[in-house]
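Good morning, and thank you for coming. Please look at the structure as I go through its fold and its interface.

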Number of protein chains: 2
Amino acid sequence: MDPVTRRRGTLVVVSAPSGAGKTTLCTEVRAMVPGLAYSVSVTTRPPRPGEVDGKDFHFVSEATFKAMRERNEFAEWAVVHDNFYGTRAEPLEQALAAGLDVLLDIDTQGARQLRTRYLEAISVFIVAPSLALLEQRLKERKSDAPQEIARRIARARQEIAAWREYDYLIINRELKEAVDQLANIIQAERCRTSRLGLRLPDLTLPE
Amino acid sequence: MDPVTRRRGTLVVVSAPSGAGKTTLCTEVRAMVPGLAYSVSVTTRPPRPGEVDGKDFHFVSEATFKAMRERNEFAEWAVVHDNFYGTRAEPLEQALAAGLDVLLDIDTQGARQLRTRYLEAISVFIVAPSLALLEQRLKERKSDAPQEIARRIARARQEIAAWREYDYLIINRELKEAVDQLANIIQAERCRTSRLGLRLPDLTLPE
């Protein structure tokens, strides 16, 4: 817990359609905001070039994922593009109890589950300024085949419809500006009275 | 209105017991955050040295204040230390309709009235780290007589009890940090989905 406010950490759920720049944005914000932990998701999807097991994702087989699910180890899980994704509940709980805010990068299905489980979570939706730009970014990434890009764009159209379910919206026009906005949101939530302890010891006690 | 989001401005209500550093903080934040208007209060209190009519306050007689009140010109008004303070509704409405966020520096009574009238307002409470420090700051200010300082401290104790009524709390340990926190809060609220228009034209319309 934070020694001054004795506050529990806040869950910061970030979702975005592919190509909105979410991964880069989350990395930059983690470097910028102190006291922010990152929840590494478990997935059955194969690693992309450069991705490191345990850092970007915990890469597991479908059998392992299903066994973890059977043991109720996930705070949320979802199927996206035929791959399983999940967030382990235990490390999440430990970080929050220690007063750390935890950044989670998950899809709209997982976000819905977490909002139900953690009523105090805040959620942030990140969009590219237009679908055309989103398509361009996916192509520039060169990590996906054309049919995969088409599939991601179709899914993005669907996901974008969910933006109103989120507390905050960031339009990622320019990385620096979007990073600042996400950092602002996390810092501002730390000042929320509803997240603070029951009294201000210095001020409300008689002197 | 903001040309992109067509959003209405947000009312940012800031309250603090005397000596919490509220006035300096608000001045710094206004210089730092673009698109932020400041509502100049009407008061019957005499100007302090250096205060400028129309900039720091609109200084009026008690008769004028009461006539304005009769004509329902105030969005809120209150009596503090035997002086009247009020916020004119019309310029406030105009600024909000134009998409400007408006910073208001008022006491806890006025804040209650504004929260009832403007459900979408956000409110921020600013406190000194301790009552001892608050007393010290009031003495250093040298603008008040000893009995006035005692009265302000007694009132501060009362007002501090209201901190939970506010959305956000800033503990003003160090000016720069507190200014950043208030700026973060205002910027973060601009990303609130509940404050944005009904759709994202670029993204949700078919291409």
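Chain A contains eight helices and nine strands; these are DSSP runs numbered from the N terminus, with H or I over at least four residues for helices and E over at least two for strands. The model is predicted, so local features need pLDDT of at least 70 and side-chain atom pairs count only at pLDDT 80 or more, while totals for chains, interfaces and linings use all residues. Residues are numbered from 1 along each chain as its sequence is written, and chains are lettered from A and ligands numbered from 1 in the order in which they are written.

How much of chain A is buried? Buried residues account for 38% of its 207 residues; buried means that 20 or more other C-beta atoms, placed from the backbone, lie within 10 Å of the residue's own.

Leaving aside neighbours within four places in sequence, B:V124 is in contact with residues including B:V12, B:Y166 and B:L182; contact means C-beta atoms, placed from the backbone, within 7 Å.

Finally, the interface. Here 28 residues of chain A are in contact with 28 residues of chain B. On the chain A side, α7(A) gives the largest share, five residues. Elements giving two or more residues to that side include α5 (131-141) and β9 (168-171) of chain A.

Terms used. Buried ≥ 20, exposed ≤ 12 C-beta atoms within 10 Å, placed from the backbone. Contact = placed C-beta atoms within 7 Å.
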